[in-house]
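Student: I am new to this structure. Could we go through the terms used for it, one at a time?

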Amino acid sequence: MGKPFSFIHCADLHLGEPLSGLRDGSGGPWAEALREAGNKAFENVVNIAIERKVDALLIAGDVYNSENHSLAAQIAFARELYRAALAHIEIFIVHGNHDPLESGWNAEIPMVPSVHVFSADDVEGVPIHVKNETVAMVYGMSYKTNHVTENLVRRFHKKDDKLFSIGMLHTEVGVSESPYAPCTIEDLRVAGMDYWALGHIHTRQIISTEPYIVYPGNIQGLDKSETGPRGCYLVNVGEYGTVEMEFIETDMMRWVDWSIDISSFAQVEDLWQYLNKKRSLLRGKVGHSMIVRLIFTGRSPIAHGITSPEGMEYILATLNDKEKFHHNFCYFAEIKDRTEPFIDFEKRKNLPDEIGTYLKTYESVENLSEGQKIKKIKEMIEKEPELLKYNEIRHRLSDEMLLRAFKKAKLSGVERLWEADQ
């Protein structure tokens, strides 16, 4: 029988790392919010730890990015750890591939005594205390360099069966050739830990509950691939070693994909009305400031206008201009064109004109096998006198690039013939 305790498990803070894919976002009225998203997310982590009166804060690697380790980010991190220490929270840190201990850039910023950074030489065991009583042991090991091919889990061994044991490691589970301390689920189970506080994978997942093997994900999405809530786990351990977990959101900026089927819009004005109405609903539903990627799908006569470079730029600029004075704003960062051509190619190719002839010629190549298609495209390029001027560039074109260009040529060729005939 032990004493109940609680801890926060977070990882992959990447403090100082700028959010990517934001076009001109750094120059808008939301510049500071975008710039400070990571630091504010970690501030939220510490706020949660203090409000929930946890006993420990576990940070499972990648506090910074080695190439974006600004002194300001390091000072902000130390300041938040000091706040946690004032609330009598013990802090445990392992370093990962983005912030290895021998990276040579760590500033000499003093840490409070309640912060323990695990060594990169071997696994250490450090106790968690509640009212001067040891309630658990935390075992951890940091990265020395940014690539670790050794299975570090094999160094972990539970030393006291009477105490709840937590293993901390930055690792990629299930990928044997990974350069990030690869291991298997079975390796983690054999080590005898009751809870594995892992880092490295940015999407949260509970791999196992016997024992608990947990990735909390990152605390703030860094780019458009990291959509949805980001945060940390609050873990309550009962007197008999039972575990209760609660995921708590910490992100300041929520990456959102907003898919819009344009098939029902015959006029651009109709689309504008829809966008204005729906973004208010989206803002209320998410309750966060958001970085939005618009994804246009479907088929409509307005598709060409809104997916041209000029059209997309106009839409993004206009939408963002209307967000300037919202506390919870939607920053529209990108438009992804997944629309389908409005032209019925099957019917159009049967008309006796240049467009029909073009489509029939295109189809004769399209129906070839992939190898034959690539050979045919290269033969066509060799016959084009204009392309012969760019001989060096032509030889850099991969088969994949040629096939992508060929696919786009179906619509673009028809559009050019249509415009020339007007």
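**Buried residues and salt bridges**

Tutor: Let's start with Asp 251, which is buried, with a relative accessible area of 2%. This is a predicted model, where local features need pLDDT of at least 70, side-chain atom pairs count only at pLDDT 80 or more, and totals for chains, interfaces and linings use all residues. Residues are numbered from 1 along each chain as its sequence is written, and side-chain values use heavy atoms, with hydrogens and water left out.

Student: Why is Asp 251 called buried?

Tutor: Buried means under 20% relative accessible area, exposed means over 50%, and partly exposed is in between (1.4 Å probe, protein chains only). Asp 251 has 2%, so the word buried applies. Arg 254 is buried as well, with 7%.

Student: What makes Asp 251 and Arg 254 a salt bridge?

Tutor: The rule asks for a side-chain nitrogen of Lys or Arg within 4 Å of a carboxyl oxygen of Asp or Glu. The closest N and O atoms of Asp 251 and Arg 254 are 2.5 Å apart, so the pair qualifies. By this rule the count comes to 16 salt bridges.

Student: How do you know that Glu 80 and Arg 79 form a salt bridge?

Tutor: Their N to O distance is 3.9 Å, and the limit is 4 Å, so they count. Glu 80 also forms a salt bridge with Arg 83, with the closest N and O atoms 2.6 Å apart. Salt bridges that share partners join Arg 79, Glu 80 and Arg 83 into one network.

Student: What separates Arg 83 from Glu 80 along the helix?

Tutor: They are 3 residues apart in helix α3 (residues 71-86), which means about one helical turn. An α-helix has 3.6 residues a turn, so residues three or four places apart point the same way. Helices here are DSSP runs of H or I with at least four residues, strands are runs of E with at least two, and both are numbered from the N terminus.

Student: Why are β13 and β15 said to stand at the edges?

Tutor: Two strands pair if DSSP finds at least two bridges between them. The open sheet has 3 strands in the order β13-β14-β15, with parallel pairing. β13 (253-261) and β15 (330-339) each have a single partner strand, so one side of each is left without a neighbour in the sheet.

Student: How do you know that β14 and β15 pair?

Tutor: 9 bridges join β14 (residues 289-298) to β15, and the definition asks for at least two, so they pair. Within this pairing, Thr 297 stands opposite Arg 338 in β15.
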